[in-house]
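Hello,

Please find the structure below for your files. My notes on it follow.

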Amino acid sequence: MLTTAQVQEIRSRFAVFRDKIYLNSCSQGALSDSVRSGLDDYLASWDQHGSPWDIWIDKYEQARGTFARFLGAQSDEVAILPSASAGVNSIASALSFQERRKVTLGAFEFPTMGHVWLAQRPRGAEIQFVEAAGDRMPVDNYESAIDRNTLIVPVTGLCFMNGWRSEVRKLVALAHSRGALVLLDDYQDCGTRPVDVKDLDVDIYVSGTLKYLLGPPGLAMMYVRPELAQTLAPTISGWFAQVNPFAFDVRTLDLSPTARRFEAGTPPIPNIYAATKGIELLQSIGLSEVATHIAKLTTALLEGAREMGIQIKTPLDSVGPLTVLKCKDSETMVAKLAARQVVVSNRKDGLRIACHVYNTTEDIDAVLEALKQNLDLLVREESPANKG
């Protein structure tokens, strides 16, 4: 477990904490000095050399190795993309909906996942949504939906609306038993605990850098199981998807045999410089230590909310970095907290409070005090203590 001194040292590297209590990593990770230095390094290279593409391409390939090690994969199994949506679209474009037509996904997915697959209907895809059981999306709900006509099952690792952590291993086992692929969207959890895509046994894994990975927007990574990647030929492509991007052969489509075939245009070099620094910072701390620290903070937040009788949308047996409390007016609640220099976010009737390694028990105390002062905006459990 991280000591108080270690957390304070980590926290000192994030300038936002000089003025604010930042609990919004589910939207954007805070900016560290190391990530800022990465951007400075990029600007210096541009300033000093003009267009040092040899240096930048080296950095791009180094980033691929960094991402791969973070995921427990090999470099050739990882694509670098401008967004998670770009990666999922590339996969979707490569799939055939002739023999198996169904895409089965839950109601807890981030909207882009629905949009990508719904856009495949003209190509023959049949989209089937699995309904939730209240604030849960148990694997049992998928049981009758995943069948021999199911091609792929996209699943979020953690729901952005209520913090539910999916039963990924159970869902992978179910889908694979019926011959379906599994695509894990881990954007809302990646960076909060160790990841091993091989151990998870997923076919495709996608995440981006702007949340718990502490990096900028405009960069994502995607692992594709190598045996699968070699069978897929995306119809969304570009020069960096080719065996040799610098062949400059306009007449030939020569897709890379590696996961790079799912890329397209010029890499987002500034974002690569910054994002690698964020991941390296997390690795220097240790992802197991990050997970333990987050769990400690989340437990304190939940205990405090329960003592006040606040309805918690996040299932208590499925707790990750994101805790969501039920509000009568979530927008006003966010504004009230902002006035106290507490940064959080909302989705519909949920107040989202996200803990990361740079947060402290003092942050949790501060947000609980702010909630106490605004209980009229929160939905409370029916009990003798808070009726009336």
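**Cavity, rings and backbone**

The count of cavities of 30 Å³ or more comes to one. The model is a predicted one. The largest cavity holds about 30 Å³ of space. Its lining is made up of Met137, Val139, Tyr142, Val155, Ser166, Glu167 and Leu171. Sorted by class, that lining has five nonpolar residues, one polar and one charged.

Next, the aromatic rings. Searching the whole structure gives 13 aromatic pairs. In one of them, Tyr42 and Trp46, the ring centres are 5.7 Å apart and the planes stand at 40°, so the pair is tilted. Tyr42 and Trp46 both belong to helix 2 (residues 33–49), and because they are four residues apart there, about one helical turn separates them. Tyr42 has 10% relative accessibility and therefore counts as buried, whereas Trp46, at 47%, counts as partly exposed. The Trp239 and Phe246 rings also pair: with centres 5.5 Å apart and planes at 75°, the pair is edge-to-face. Trp239 is partly exposed at 33% relative accessibility, and Phe246 is partly exposed at 37%.

Tyr42 and Trp46 also belong to a cluster, in which ring pairs link them with Trp53, Trp56 and Tyr273. Tyr273 has a charge over its ring as well: Lys59 lies over the face, 4.9 Å from the ring centre. Arg64 lies over the face of Tyr60, also at 4.9 Å from the ring centre.

Finally, the backbone. Asp201 is not a glycine, yet its phi is positive, at about 65°. Asp201 sits in the loop that runs between helix 7 (197–200) and strand 7 (204–208). Its relative accessibility is 40%, so Asp201 counts as partly exposed. Phe248, again a residue other than glycine, has a positive phi near 55°. The loop between helix 8 (226–229) and helix 9 (269–285) contains Phe248. With a relative accessible area of 62%, Phe248 is exposed; the cut-off for exposed is over 50%.

Those are the points I have for the handover.

Regards

Notes: Residues numbered from 1 in each chain as written. Predicted model: local features only at pLDDT ≥ 70, side-chain atom pairs only at ≥ 80, totals over all residues. Heavy atoms only, no water. 1 Å grid on protein atoms, 1.4 Å probe; cavity = no way out; pocket = protein on both sides within 12 Å on 5 of 7 lines; lining within 4 Å. Points joined across faces, edges and corners; volume = space filled by probe spheres on them. Nonpolar A, V, L, I, M, F, W, Y, C, P; charged D, E, K, R; others polar. Phe/Tyr/Trp six-rings, centres within 6.5 Å; stacked < 30°, edge-to-face > 60°. Helix = DSSP H or I, 4+ residues; strand = E, 2+ residues; numbered from the N terminus. Buried < 20%, exposed > 50% of the residue type's maximum accessible area, 1.4 Å probe, protein only. Lys NZ or Arg CZ within 6 Å of the ring centre and 35° of its normal.
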